[in-house]
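Hi,

Here is the structure I promised to pass on. Have a look at it first, and then read my notes below.

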Amino acid sequence: MRIILFAGKGGVGKTSIAAATGLRAAQLGYRTLVMSLDTAHSLSDSFDLEKGLLDINKGRPVQIAENLWIQEIDIQEEIQNNWKEVHQYIATLISASGIEEVLAEELAVIPGMEEVSSLLYINRYFTQKRFDAILLDCAPTGESIRFISIPTTLEWYMKKLFKVERKLTRYVRPVVERIYDLPLPEDEYFENLQILFQKLEGVERLLSNPQITSVRLVTNPEKMVIKETQRAFMYFSLYGLCIDAVIINRVFPDEISDIYFHRWRGTQQRYIQESEKYFAPVPLFKLQLFKDEIAGHKELEELAQQLYGERDPTKVFFAESPYKFTKRDGNYYLNIKLPFTTKEDIDLSKSGEELIIRIGGIKRHILLPKNIAPLTPLGAKIKGENLTISFGGKKDG
Ligand SMILES: Nc1ncnc2c1ncn2[C@@H]1O[C@H](COP(=O)(O)OP(=O)(O)O)[C@@H](O)[C@H]1O
Ligand SMILES: [Mg+2]
């Protein structure tokens with residue numbers, strides 16, 4: 001199965017490209033699902049479907065052509081069906097006073113329900129082998145970063161908080177509540193969370209496997225958009241996802257020779273050339289500005305043709321995991337491909353068996369492999385776009 005995320009700034013063309021890719025994949029015979037993670041769902045507009053078709057299906061996949069389904073998560077429906085207790089508990093936790101500072105900080109990254117719901121679906125569809133390709137029409141960049149951070153965050157969160165306190169609740173609930181001044185959930189909430197957690201098991205492996213999951217970053221040939229694309233590139237890499245293509249959309253075609261657009265064309269050309277250098281070896285795809293907005297099968301087919309030519313859009317265009325562990329001379333090295341960052345941006349620390357990488361407002365906890373966890377971090381180096389952290393010597397602590 002293939003999972004392809006279409007991500008980028010708002011309005012760059014994610015939905016149109018995800019829809020076009022879906023249509024082409026379905027026509028090639030792949031059972032294809034295009035799933036919208038953007039709460040401002042616009043897939044049905046892109047496919048030019050009748051209004052309300054998706055509403056009556058309450059967030060479930062709807063078949064719209066041979067081999068082609070679309071799904072727009074309906075969060076109210078999800079909460080109704082699966083989430084009541086968990087939702088209530090998290091809400092209580094967040095509003096509770098007296099939470100330790102560290103904990104409160106972690107709570108703030110408690111994943112959005114839409115995102116967790118879609119991860120649950122992805123995991124379930126993978127197990128059921130229901131689709132050959134799942135294409136994710138992502139929300140604008142910030143939210144999709146949160147989305148991909150969920151599996152690791154949740155795992156960490158469960159390990160840290162729930163495993164320990166689960167045992168405690170049965171016996172010492174009153175004491176713990178007094179000490180931590182934290183409402184502990186009823187056992188059934190724990191059960192619910194645990195079930196939820198089990199359902200998410202394995203999804204991180206799916207997302208970090210470059211043969212299964214790829215991110216296609218959609219961008220426009222403009223300074224601000226490209227800047228954001230670079231940041232997104234770095235954050236997706238930080239979370240271990242592989243970017244297999246960068247798509248530059250809205251490129252002025254040669255036919256536009258009007259003098260009014262003269263400067264624009266020069267600017268676009270410059271950004272395209274720069275992008276080819278920036279993002280290499282990840283392939284750069286180009287897509288023209290169409291004569292009109294893109295809606296309906298005919299336009300989507302045209303888009304897919306321009307973008308992929310005769311290529312199979314479910315193909316992996318680039319596959320190199322951003323994370324690599326290696327061993328040399330008795331020391332271990334973690335190499336992370338983190339383009340578009342400098343040493344000053346990165347804050348590293350190690351706590352127990354975790355490595356914590358903070359870049360700007362984003363933080364990732366990496367559970368280190370067993371053989372590396374007890375070692376002392378010896379240093380970190382940035383060379384080109386590679387961050388290398390070395391571990392070795394005596395045991396930590
Ligand atoms: N290459 C293009 N040529 C013409 N219109 C485009 C092109 N790409 C996107 N659009 C139009 O721009 C608008 C935003 O595109 P959309 O795919 O919804 O972006 P996003 O999902 O990233 O917000 C839509 O009206 C779409 O039809
Ligand atoms: Mg969209």
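What follows is a walk through the fold, the ligand site and a few single residues.

First, the ground rules. This is a predicted model, in which local features need pLDDT of at least 70 and side-chain atom pairs count only at pLDDT 80 or more, while totals for chains, interfaces and linings use all residues. Residues are numbered from 1 along each chain as its sequence is written, and chains are lettered from A and ligands numbered from 1 in the order in which they are written.

**The chain overall**

The chain has eleven helices and 15 strands. Helices (H or I, at least four residues) and strands (E, at least two) are DSSP runs, numbered from the N terminus. Of its 397 residues, 32% are buried. Buried means that 20 or more other C-beta atoms lie within 10 Å of the residue's own; exposed means 12 or fewer, partly exposed is in between, and the C-beta atoms are placed from the backbone. Looking at contacts between residues at least 6 apart in sequence, 72% join residues at least 24 apart. A contact here is a pair of residues whose C-beta atoms, placed from the backbone, lie within 7 Å.

**The eight-stranded sheet**

Eight strands make an open sheet with mixed pairing, in the order β3-β4-β2-β5-β1-β6-β7-β8. β3 (62-65) and β8 (284-288) are at the edges with a single partner strand each, so one side of each has no neighbour in the sheet. From one strand to the next, the twist averages 25 degrees. Two strands count as paired if DSSP finds at least two bridges between them. For example, β2 (residues 32-36) and β4 (residues 68-72) pair in the parallel sense over five bridges, and S36 sits opposite E72 in β4.

Which strands does α1 lie across? They are β1 (2-7), β2, β3, β4, β5 (133-137), β6 (213-219) and β7, and α1 runs at about 165 degrees to β5. Helix α11 (residues 297-308) lies across β7 and β8, at about 140 degrees to β8. For these angles, axes are lines fitted to C-alpha atoms, for helices over the stretch in contact, and the angles run from 0 to 180 degrees between N-to-C directions.

In soluble globular proteins, nonpolar side chains tend to be buried together. Here the largest nonpolar core has 75 residues, and F6, I134, L136, L217, F236 and I247 have the most contacts inside it. α1 gives the most to this core, with seven residues. By a nonpolar core I mean a set of buried Ala, Val, Leu, Ile, Met, Phe, Trp, Tyr and Cys residues joined through C-beta atoms within 7 Å.

**Around the ligand**

There are 15 residues around ligand 1, and K14, T15, S16, F290 and E293 come nearest. A residue is near a molecule if its C-beta atom, placed from the backbone, lies within 6 Å of it. α1 (14-27) and β7 (243-251) each supply at least two residues of this shell, and α1 gives the most, with three. The shell divides into five nonpolar, seven polar and three charged residues.

β9 (residues 323-328) and β10 (residues 331-337) pair in the antiparallel sense over six bridges, with Y332 in β10 as the bridge partner of K327. This hairpin has two residues between the strands, and D329 takes a positive phi near 50 degrees. Y333 is partly exposed, with 17 other C-beta atoms within 10 Å, and is in contact with T326, R328, T388 and S390, leaving aside neighbours within four places in sequence.

Another open sheet has three strands in the order β11-β12-β13, with antiparallel pairing. Its edge strands, β11 (346-351) and β13 (362-367), each pair on one side only. Six bridges join β12 (residues 354-359) to β13, and I356 stands opposite H365 in β13.

Cheers

Definitions and conventions:
Nonpolar A, V, L, I, M, F, W, Y, C, P; charged D, E, K, R; others polar. Contact = placed C-beta atoms within 7 Å.
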